Amino acid sequence: MPRRERRSVVANEPVGPYRLLRLERGGLDAGVPGQFFMLEAPGRLLPRALSLCLAPPGELAFLVDPVGPGTEALCALERGERIAVFGPLGNGFRLDVERPLLVGGGIGIAPLPYLAEALRFPPAVLGFRSERHAEAAALLPGAEVVVDPTLVTDCNVVGFDVLACGPEPMLRAIAELCHGAQLAWEAPMACGYGACYGCAVEIDGELKRLCLEGPVLVSARWIRAGFSPAITRRAAASSVAPIVTTIDAPCVLAPLGARDREAAHHPPGGDHAAA
């Protein structure tokens, strides 16, 4: 069951351009790989949703990309500071796969180290935009690493049970090549458990809350229909918003709350200013 606790920072370590934020676990359950936690962002109104990267004894570790004020505040935390943590939330990766292959792109590597441990370290392919970003591959020793302009889909990913997390173009390409791949998508989240409808998107004419019905989607039909959490309009919270049943796909969270990414790409004052 999810719990809310105030936990102390054990360490905040650089990993290439990212930060590995390590917190005391306390009474929090680490959950299963792919589940996520809502972390208080100091000085910000809303928490940030982060998937668990590592779960060493007594700790919970999160890989954070400082792309906006919320994640920058998390990356600035110092040892001994305390923040509120709520989780685990959502549904994790399905682990009953025969030939697992982990595929990550950029900050999408975040949930893969914990997942790799659960699957007894299967092969992995990681793609990054630069050599500096590729330093994060140290979190997943033995992975095949490619750097732009080489893509992860240039590697051999066909014939495996792919579990992937990364940018939308990468996930779409994986979906075309690997039917049934488990793909971790991203959307802004305010509560993380379906109450606010902040992560609701319209799919085939219905509202789906990605924190519950996703964010991982397996159905190729949905992907070919043009579903895009990053660009599909968010549905406004409404008392008539439908309550939908969970699809037959696992649910995980991409490693970084999209609200900060929106803030980084669309500064306040523009037509798409972040909420």
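Predicted model: local features only at pLDDT ≥ 70, side-chain atom pairs only at ≥ 80, totals over all residues.
Six strands make up an open sheet, and going across it their order is E4-E3-E6-E1-E2-E5, with antiparallel pairing. As a reminder for anyone new to this, strands of a sheet pair through backbone hydrogen bonds, either parallel or antiparallel. At the edges stand strand E4, residues 48-51, and strand E5, residues 59-64, and each of them has a single partner strand, so one side of each is left without a neighbour in the sheet. If we ignore direction, neighbouring strands here are turned against each other by 40° on average.

Staying with the edge strand E4, we can look at how it is joined to strand E3, residues 36-39: the two pair in the antiparallel sense over four bridges, and Met 38 stands opposite Ala 49 in E4.

Now to helix H3, which covers residues 168-177, and in which Glu 168, Met 170, Leu 171, Ile 174 and Ala 175 are buried. These residues lie on the same side of H3, because they cover an arc of only 160° around the axis. On the other side of H3, by contrast, Pro 169 and Glu 176 are exposed.

Finally, the cysteines. How many disulfides does a search of the whole structure find? The search finds zero.

How values were computed:
Residues numbered from 1 in each chain as written. Heavy atoms only, no water. Buried < 20%, exposed > 50% of the residue type's maximum accessible area, 1.4 Å probe, protein only. Arc of directions from axis to C-beta. Disulfide = S-S within 2.5 Å. Pairing = 2+ DSSP bridges. Axes fitted to C-alpha atoms, helices over the stretch in contact; angles between N-to-C directions.
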